Amino acid sequence: CTNAKGKKAKKYIATFKGTDVGPVGIGDKVIMACDAVTVEKYGLRNFEFEAKVDGDVVDAGDGVHEGVYKSIRNGDTFEGIKWKDGNRWIKKTEAEEGKS
């Protein structure tokens with residue numbers, strides 16, 4: 001496979017894990033903000049899944065976690081993943097990682 005620049009695209013399997021917020025039984029699709037109000041109401045829950053990364057395309061094969069990695073270096077407005085449902089996971093900077 002090659003990308004738009006004619007270079008061979010790299011393929012990987014990535015493990016995504018973290019916390020999100022939502023009521024019991026909501027499933028994998030969370031459509032509410034992870035802010036103080038929803039965290040207080042529902043609490044945090046852990047998640048983990050694997051996804052194929054092919055060039056800038058991310059796909060967990062579950063019909064929910066399908067998206068494209070965006071990069072400021074490529075002219076995008078943020079660094080992270082934009083999922084097909086419009087949700088964005090913005091990559092933390094090294095400074096932000098040290099704070100958590």
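**Note on the predicted model**

1. The protein chain has an accessible surface of about 7600 Å², and 52% of this belongs to carbon and sulfur atoms (Shrake-Rupley method, 1.4 Å probe). The model is predicted: local features need pLDDT of at least 70, side-chain atom pairs count only at pLDDT 80 or more, and totals for chains, interfaces and linings use all residues. Residues are numbered from 1 along each chain as its sequence is written, and side-chain values use heavy atoms, with hydrogens and water left out.

2. Along the sequence the protein chain reads β-α-β-β-β-β-β-α (DSSP runs, H or I of at least four residues for helices and E of at least two for strands, numbered from the N terminus).

3. The largest nonpolar core comprises F16, F49, A51, V53, V58, I81 and W83. Such a core is a set of buried Ala, Val, Leu, Ile, Met, Phe, Trp, Tyr and Cys residues joined through side-chain atoms within 4.5 Å; buried means under 20% relative accessible area, exposed over 50%, partly exposed in between (1.4 Å probe, protein chains only). Strand β2 gives the largest share, 3 residues.

4. F16 and W83 form an edge-to-face aromatic pair, with 6.3 Å between centres and 70 degrees between planes (centres of Phe, Tyr or six-membered Trp rings within 6.5 Å; planes under 30 degrees apart stacked, over 60 edge-to-face, the rest tilted). Because F16 lies in β1 and W83 in β5, the pair ties together parts 67 residues apart in sequence. F16 is buried at 15% relative accessible area, and W83 is buried at 4%.

5. The rings of F49 and W89 are tilted, at 6.1 Å and 50 degrees. F49 is buried at 14%, whereas W89 is partly exposed at 27%.
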